[in-house]
Amino acid sequence: MASSTVSFIIIIITTVLLPSLSSQLSDLFPSNNPPPFLGKHSHPIKQPNHHQQYRYETRYFSQPLDHFSFLDLPRFRQRYLINTEHWVGPSRSGPIFLYCGNEGDIEWFAVNTGFVWDIAPRFGAMILFPEHRYYGDSMPFGSKEEAYRNATTLSYLTAEQALADFAVLITDLKKNLSAEGCPVVLFGGSYGGMLAAWMRLKYPHIAVGALASSAPILQFEDIVPPETFYNIVSNSFKRESSSCFDTIKNSWNALRSEGQKEDGLKQLSKTFHLCRELTSVQGLSDWLDSAYSYLAMVNYPYPSNFLMPLPGHPIREVCKKIDGSPAGSSILERIFNGVSVYYNYTGEVDCFQLDDDPHGMDGWNWQACTEMVMPMSSDQNTSMFPAYDWDYSAFREGCQRDFRVTPRPRWITTEFGGHDIGHVLKSFGSNIVFSNGLLDPWSGGSVLKNISETIIALITKEGAHHIDLRASSTEDPDWLVEQRATEIKLIQGWIYNYSKKMKATFEI
């Protein structure tokens with residue numbers, strides 16, 4: 001059989017530099033990497049059969065490079081996907097469902113957000129998927145190479161600019177379609193969910209409500225404990241098998257010890273079926289770290305092909321492989337058997353290529369080094385990962401080295417809020433649903449309690465990363481069906497109240 005090599009772009013969980021760790025394993029965790037959102041797994045959809053079930057037209061809109069200055073700067077083409085198949089039009093005030101594009105190719109998010117497509121017909125809604133600037137085909141300065149050239153060209157990559165893009169696009173589109181009276185409902189998952197919530201708060205005159213799924217808007221400064229993410233990942237493994245948890249926790253020592261041997265890196269490369277021999281333990285550590293974290297995020301109760309082809313309850317299957325390895329298997333052989341569920345469930349991969357973008361020159365790395373500063377740490381007692389503390393000074397040094405920028409760790413909470421979120425949103429916000437599954441490690445940084453009658457938290461004990469935004473399936477558990485039904489009812493209420501107010505205004 002011909003050798004097949006699969007390259008995986010690995011996202012490292014930590015956002016920090018870690019020079020002063022409480023563990024001897026400090027060298028197993030790298031510096032200056034972004035939190036594990038899903039956008040880096042996105043990819044252009046080239047084969048028509050991948051998205052035949054969702055029909056859309058691809059269009060482009062000319063956007064200002066900088067919405068917040070009056071300089072004569074070059075514009076760029078923002079891609080957006082549009083479907084008007086079920087839209088009842090402006091004469092009947094047909095709603096517009098707008099998904100806030102994440103940090104990746106917009107087609108990938110479109111085909112993985114089936115909930116919006118599923119419910120659009122019953123609402124008579126237009127569907128709109130605008131792409132986030134600096135991702136996919138929406139590149140300022142004409143190309144990714146130019147857009148990512150340096151800190152000057154990347155300086156227009158911010159959440160604020162992206163929200164302004166969405167606001168300008170939808171305002172122009174509604175005007176051109178004589179649809180100024182049509183209500184806009186926002187959707188988003190993960191970083192896109194954060195954008196949806198923030199857009200509802202920043203532009204309440206543009207959107208009547210927002211469904212923010214798995215949106216960690218509180219994962220900043222000291223609002224939530226920095227060890228929260230790792231603890232949830234670890235608990236997802238521990239609840240399946242305490243011995244599985246212990247094996248992973250002990251594997252870091254084994255990994256480090258093996259790597260220090262004379263032929264250790266060669267042996268590790270063989271044990272983990274790597275295509276090229278390791279030059280350090282770090283790349284392998286990152287590879288394992290990413291697998292565990294993404295498994296926790298997509299720990300869905302049914303088979304999925306979101307990030308990788310995976311079985312239902314994938315963490316359960318990983319732990320079965322680890323615990324059920326043949327007698328005499330080493331701890332690292334057990335680990336390889338387990339992570340193969342994530343990286344090679346189909347059995348089609350002969351060897352693994354570790355590719356972690358050593359230059360870090362992608363959009364999300366930039367965002368994490370400027371305003372998306374999300375403190376993280378790992379607790380020695382509760383986490384299965386090597387222990388370390390959040391060190392902002394080291395993180396700042398890494399960003400200055402890599403991008404020549406100084407992070408602004410308090411900017412997001414200044415711009416969008418976060419502290420005392422209950423009081424603030426109760427007084428000044430409305431019509432936002434924060435939906436979270438408690439298996440999702442990002443749920444710890446989201447809103448988990450109802451704040452008011454219109455700021456609602458929908459929590460599911462067995463839910464994972466924005467599972468509610470995925471397409472409906474016959475395999476959906478009852479709790480997921482009920483969750484989506486509640487979301488539909490709330491959206492209906494937003495649109496009904498908007499129409500009622502518009503009618504009253506018109507009659508006056």
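Predicted model: local features only at pLDDT ≥ 70, side-chain atom pairs only at ≥ 80, totals over all residues.
# Rings, core and disulfides: a first look

Tyr54, Tyr56, Tyr99, Trp108, Phe109, Trp117, Phe129 and Phe306 come together in one aromatic cluster.

**Aromatic rings**

- Phe229 and Tyr230 make an edge-to-face pair, with 6.2 Å from centre to centre and 80° between the planes. Both Phe229 and Tyr230 are buried.
- Tyr292 and Phe385 are also paired edge-to-face, at 6.2 Å centre to centre and with 65° between the planes. Tyr292 belongs to helix α10 (residues 282-297) and Phe385 to the loop between α13 (363-370) and α14 (392-403), so this pair ties together parts that are 93 residues apart in sequence. Both Tyr292 and Phe385 are buried.
- Two arginines sit over rings. Arg77 lies over the face of Tyr60, 4.0 Å from the ring centre, while the charged end of Arg470 is found over the ring of Phe306, 4.9 Å from its centre.

- The core takes at least three residues from each of domain 1 (57-222 + 411-506) and domain 2 (227-344).
- Which residues does Tyr292 touch, leaving aside those up to four places away in sequence? The contacts are Val233, Phe237, Ile248, Trp252, Ile335, Val339, Met384 and Phe385.

**Disulfides**

- Cys244 is joined to Cys319, with 2.2 Å from S to S, and the link is left-handed, at -70° about the S-S bond. Cys244 is in helix α8 (residues 242-259) and Cys319 in helix α11 (residues 314-323), 75 residues apart. Cys244 is buried at 0% relative accessibility, and Cys319 is buried at 2%.
- Cys275 and Cys351 form a disulfide whose sulfur atoms are 2.1 Å apart. Its torsion about the S-S bond is about 95°, so this disulfide is right-handed. The pair links distant parts of the chain: Cys275 sits in the loop between α9 and α10, and Cys351 in strand β8 (residues 351-355), 76 residues apart. Cys275 is partly exposed at 27% relative accessibility, whereas Cys351 is buried at 14%.
- Cys369 is joined to Cys399, at 1.9 Å from S to S. With a torsion of about -90° about the S-S bond, the link of Cys369 and Cys399 is left-handed. Cys369 lies in helix α13 and Cys399 in helix α14, so the pair ties together parts 30 residues apart in sequence. Both Cys369 and Cys399 are buried.
- Counting bonded cysteines along the chain, the disulfides follow the pattern 1-3, 2-4, 5-6.

- Phe141 has a positive phi, near 65°, though it is not a glycine. Phe141 is in the loop between β5 (126-130) and α3 (144-147) and is partly exposed, at 33% relative accessibility.
- His273 also has a positive phi without being a glycine, about 55°. His273 is in the loop between α9 (264-271) and α10, and is partly exposed with a relative accessible area of 38%.
- Is Gln219 buried or exposed? Gln219, in the loop between β7 (209-213) and α7 (228-238), is buried, with a relative accessible area of 2%.

How values were computed: Residues numbered from 1 in each chain as written. Heavy atoms only, no water. Phe/Tyr/Trp six-rings, centres within 6.5 Å; stacked < 30°, edge-to-face > 60°. Buried < 20%, exposed > 50% of the residue type's maximum accessible area, 1.4 Å probe, protein only. Helix = DSSP H or I, 4+ residues; strand = E, 2+ residues; numbered from the N terminus. Lys NZ or Arg CZ within 6 Å of the ring centre and 35° of its normal. Domains from an automatic or database assignment. Contact = heavy atoms within 4.5 Å. Disulfide = S-S within 2.5 Å.
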